[in-house]
Every structure is written in C-alpha cells, then in structure tokens.
Amino acid sequence: MGIDLHIHSNASDGTLTPPEILSLAAKLQLGAIAITDHDTIDGVKQALQFGIPPSVQFLTGVEISATPPPLFHCPGSFHILGYGIRPEDPALNHTLFQLQDARRNRNPRIIERLNNLGIDLTLEQVRQIAGDGLLGRPHIARLMVQKGFADSINDAFDNYLAKGKPAYVDKFRVDTSQAISLINAAGGIPVLAHPYLLESESEKKLEELIVTMKAMGLKGLEVYYPDHPPEHTALYVRLAKKHDLLMTGGSDFHGALKPEIQLGTGRGDFFVPYAFYEELQHQL
Ligand code: AMP
Ligand code: ZN
Ligand code: FE
Ligand code: FE
C-alpha cells in the first residue's frame, strides 16, 4: 500500500479542495496522506472538519519557506515540512499568518514587474484563478499560459518567475532554526523537503547542512520525491540512516497546476512505502 506525504490543496497552490484530495486518496487506495500547503494549514483544518475516510490515515502537515542557515548557499527552494503539528498551536498560526502577509505583499510587486516587461495582467485576474487560496507564483504562471505569454507553467517560471529571472521578487522567510523550533513546539516532526531542489553543490555540503539542521531539531529527510534521480535517492537514504533521521516521501501533487504529477504515483512509477508513515506516526 502506497502513501503520499507531500500534497498541496487549493488552500495554497493546488487545485483540488481538501475533501476532493481525501476522496481521491481513498479511491486510489493510498494508506496514508498528509496535506502540506505552503505556509498555511487552512486546508488541513478543512480536511479534519470534513472528516477523514476510514481507509486513509491522515497526518496534519505544512510546508514552510525558510531562509537556509548562514554559509549554506541554496539557489533552489528551501522548504521545511512539518508533520503531525497541532493545527490550533498559537505560535505556529501566528508565524504562518506573517508568512501569508509576506506573500500578499509580494504578489502585486511580481505583477508590476511583469507589467513593466510588457505582460499585461492584473492581480484581480490572478485571484480569479486562485479562488480563496493563498496566491503563489504558480497561479500567476497559469494566467500567463492562458493569456499566451508562456507555453507552459514551467516555461513561465524559466523565463520570468523563478529566482534570478526578471519578474522574481523575494519574500520574507523565517530562519531555518525558527521553522524547525516552531514545528517541534507544535508537536510536529520537522523534515527537510526535496533535498535535490536545493541544488547544493556537493554531497559533503549537503551532509554539513543536514548535521547543522539536526542540531537545530530536524527529525527527517524527504528521500522520495518525483524529481530525485535514483542515485540521489540512494544518497539521501544513506544520509538519513547515517544521521538517524526519519525518511519521508511524497509526490508534491498540485492538481492542474503541476499536471504531470499524479497523487500518490507522481509521473507513474513513484511509490512511497507505508512503513514511512508508521515510523513517523511512531515518533509523534
Ligand atoms: P511560491 O509559493 O510563489 O514561492 O511558489 C512555489 C511553487 O512554485 C512551488 O510549489 C513549486 O511547485 C513552484 N515552482 C517553483 N519553482 C518552479 C519552477 N522553476 N518551475 C515550475 N514550478 C516551480
Ligand atoms: Zn506549491
Ligand atoms: Fe517545496
Ligand atoms: Fe510542495
């Protein structure tokens, strides 16, 4: 039985509602799932309120955008996952609110940059795509595709929205140590997300990062991820075992905003064993 511990709902930049994700997980016979939206747990709260299907184990989750520790240069996305967090934890909710605010301030600036580049779109139009969810770059990318300014969401990122591209705008993030402490204090398990996307130069540097983060309270490593080449997955498994970290995995499902990725199975051959869920659950 497979599981999926990395899923975005429409509370952030996924396109399925939390109840739709739960139903799909049951239909696909996934043994366990976690909803891990960017900087929000509204989707988790909605899922709990809706009711979890009896055949699916549900872990609360979040994916926090953090600043890497000093001396670690990570050009890619630096994200920390938190599993089994108490959704009502006041400190967690407070910090997530600050991060949501940072996103709200960032979006008009991205739109302004795009406008200056001759790309005619408005925040209002992006909002229509995002619905009530937390607006992110994938929503802007989708609108750019709809309006013919990009061939695909990836193309919009590669040419405009990714870090280092002309419409990129940075946003406030919490420190790594702060993100890790916050998750631990909310009763959760902090996990370094998709190490491959950090684009860390070397194995040695990645190991140093893991050691540094473990000293801050890190408990796990996302070893299985659709973009991880097999030899990298093997390295992450080795590092997790060596440093006594839990192993997790998930598809990073975003519905129609990442159409190539399916819930549970990624690009088709992706599989995360149920044992990962059991080990996590055991530590909560
Ligand atoms: P944001 O929340 O605005 O920082 O956007 C983060 C989301 O954008 C992540 O969920 C990724 O799936 C997506 N993303 C980030 N970089 C890229 C990229 N280069 N190509 C496609 N999607 C990306
Ligand atoms: Zn996302
Ligand atoms: Fe991520
Ligand atoms: Fe994600």
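Which residues have the most contacts inside the largest nonpolar core? They are I33 and F78, and this core has 63 residues. A nonpolar core is a set of buried Ala, Val, Leu, Ile, Met, Phe, Trp, Tyr and Cys residues joined through side-chain atoms within 4.5 Å. Buried means under 20% relative accessible area, exposed over 50%, and partly exposed in between, with a 1.4 Å probe and protein chains only.

The model is predicted: local features need pLDDT of at least 70 and side-chain atom pairs count only at pLDDT 80 or more, while totals for chains, interfaces and linings use all residues. Side-chain values use heavy atoms, without hydrogens and water; residues are numbered from 1 along each chain as its sequence is written, and chains are lettered from A and ligands numbered from 1 in the order in which they are written.

Helices (H or I, at least four residues) and strands (E, at least two) are DSSP runs, numbered from the N terminus. Leaving out residues up to four places away in sequence, F78 touches I64, S65, A66, T67, P68, P69, T176, L192, L198, L209 and M213; contact means heavy atoms within 4.5 Å. Another core, of 22 residues, lies apart and includes L121, L143, L161 and A167.

Next comes the sheet. Six strands form an open, mixed sheet in the order β6-β4-β5-β7-β8-β9, where two strands pair if DSSP finds at least two bridges between them. Its edge strands, β6 (174-175) and β9 (246-249), each pair on one side only. Strands β4 and β5 run antiparallel and are joined by five bridges. Within this pairing, E63 has L81 of β5 as its bridge partner. Helix α3 (residues 90-116) lies across β4 and β6 and runs at about 65° to β4. For such angles, axes are lines fitted to C-alpha atoms, for helices over the stretch in contact, and angles run from 0 to 180 degrees between N-to-C directions.

The iron ion (ligand 3) is coordinated by E63 (OE), H79 (ND1) and H194 (NE2), at 2.0 to 2.2 Å. Donors are N, O and S atoms within 2.8 Å of the metal (3.2 Å for Na, K and Ca); water is not among the atoms, so sites may look incomplete. E63 lies in strand β4 (residues 61-67) and H79 in strand β5 (residues 79-83), so the pair ties together parts that are 16 residues apart in sequence. E63 is buried at 0% relative accessibility, and H79 is buried at 10%.

E63 bridges the iron ion (ligand 3) and the iron ion (ligand 4), which lie 3.4 Å apart. The protein donors of the iron ion (ligand 4) are H6 (NE2), H8 (NE2), E63 (OE) and D252 (OD), at 2.0 to 2.3 Å. The angles among these four donor atoms are 80 to 165°, and the site is irregular. Four donors count as tetrahedral if all angles lie between 85 and 135 degrees; four count as square planar and six as octahedral if opposite donors are over 155 degrees apart and all others between 65 and 115; anything else is irregular. The iron ion (ligand 4) and the zinc ion (ligand 2) are 4.6 Å apart. H6 in strand β1 (residues 3-7) and E63 in strand β4 link distant parts of the chain, 57 residues apart. H6 is buried, with a relative accessible area of 0%.
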